[in-house]
Amino acid sequence: MRARTAVDSRPAEHRAAHLVDAAGARLATGDLTAAGRALVDADRIAPAEVRCRPVARTLLAEIARRDPAAADVARIAALIGLTR
């Protein structure tokens, strides 16, 4: 069992917001896979943070556009109407 970190002890919305911010950083460095994974994890923890926050929606759309093979990202993007 892994030890809990300070991020783990925060409310779900805060953990998801942290992951959205991490996704932005990963995207900025060109790591589409890690950015997508962070957004998928954030959506699992607190869907509203990903589906309603403008920055998260922008990141989702960008990753879906640049990496069509990211199935989980494409699923979330389609679910909220960012792609078809």
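Modeller: A helix axis here is a line fitted to C-alpha atoms over the stretch in contact, and the angle between two axes runs from 0 to 180 degrees between N-to-C directions. The model is predicted.

Biologist: How do I read the packing of two helices, and at what angle do helix 4 and helix 5 cross?

Modeller: Two packed helices are described by the angle between their axes and the distance between the axes. Helix 4 (residues 54-66) and helix 5 (residues 71-79) cross at roughly 125 degrees, and their axes come within 9 Å. The two helices are therefore oblique to each other. Helix 4 passes helix 5 in a left-handed crossing.

Biologist: Which residues of helix 4 and helix 5 meet?

Modeller: From helix 4 come Leu 60, Ile 63 and Ala 64, and from helix 5 come Val 73, Ile 76 and Ala 77. By class, this contact has 6 nonpolar, no polar and no charged residues.

Biologist: What are the angle and the axis distance for helix 1 and helix 4?

Modeller: Helix 1 and helix 4 pack at about 40 degrees, with axes 10 Å apart. Angles under 35 degrees count as roughly parallel, and this pair is therefore oblique. The crossing of helix 1 and helix 4 is left-handed. Val 20, Ala 23, Gly 24 and Leu 27 of helix 1 meet Val 55, Ala 56, Leu 59, Glu 62, Ile 63 and Arg 66 of helix 4. By class, the contact has 7 nonpolar, 1 polar and 2 charged residues.

Biologist: Are helix 1 and helix 2 roughly parallel or roughly antiparallel?

Modeller: Their axes cross at roughly 165 degrees and come within 8 Å. Angles over 145 degrees count as roughly antiparallel, and helix 1 and helix 2 are therefore roughly antiparallel. The crossing of helix 1 and helix 2 is left-handed. The residues in contact include Leu 19, Val 20 and Ala 23 of helix 1, and Ala 35, Ala 38 and Leu 39 of helix 2. By class, the contact of helix 1 with helix 2 has 13 nonpolar, no polar and 3 charged residues.

Biologist: How can the length of helix 2 be checked, and what span should its 14 residues have?

Modeller: At 1.5 Å a residue, helix 2 (residues 32-45) should span 20 Å; its end C-alpha atoms are 20 Å apart, which agrees.

Biologist: Which residues of helix 2 are buried, and which helices do they pack against?

Modeller: An α-helix has 3.6 residues a turn, so residues three or four places apart point the same way. Among the buried residues of helix 2 are Leu 32, Ala 35, Leu 39 and Asp 43. The buried residues of helix 2 pack against helix 1 (12-28), helix 3 (47-52), helix 4 and helix 5.

Biologist: Is Asp 43 buried or exposed, and what does it touch?

Modeller: Asp 43 counts as buried, because its relative accessibility is 6% and buried means under 20%. Not counting residues up to four places away in sequence, Asp 43 touches Val 50, Arg 51 and Ile 76. Asp 43 and Val 20 are 23 residues apart in sequence, yet 9.2 Å apart in space, C-alpha to C-alpha.

Biologist: Are Glu 49 and Thr 58 buried or exposed?

Modeller: Glu 49, found in helix 3, is buried, with a relative accessible area of 18%. Leaving aside neighbours within four places in sequence, Glu 49 is in contact with Glu 13, Ala 16, Ala 17, Val 20 and Ala 56. Thr 58, found in helix 4, counts as exposed at 53% relative accessibility.

Note on methods:
Residues are numbered from 1 along each chain as its sequence is written. This is a predicted model: local features need pLDDT of at least 70, side-chain atom pairs count only at pLDDT 80 or more; totals for chains, interfaces and linings use all residues. Side-chain values use heavy atoms; hydrogens and water are left out. Helices (H or I, at least four residues) and strands (E, at least two) are DSSP runs, numbered from the N terminus. Angles under 35 degrees count as roughly parallel, over 145 as roughly antiparallel, 65 to 115 as roughly perpendicular and the rest as oblique. A crossing is left-handed if the near helix is turned anticlockwise from the far one by less than a right angle, and right-handed if clockwise. Contact means heavy atoms within 4.5 Å. Ala, Val, Leu, Ile, Met, Phe, Trp, Tyr, Cys and Pro count as nonpolar, Asp, Glu, Lys and Arg as charged, and the others, Gly among them, as polar. The expected span of a helix is 1.5 Å times one less than its number of residues. Buried means under 20% relative accessible area, exposed over 50%, partly exposed in between (1.4 Å probe, protein chains only).
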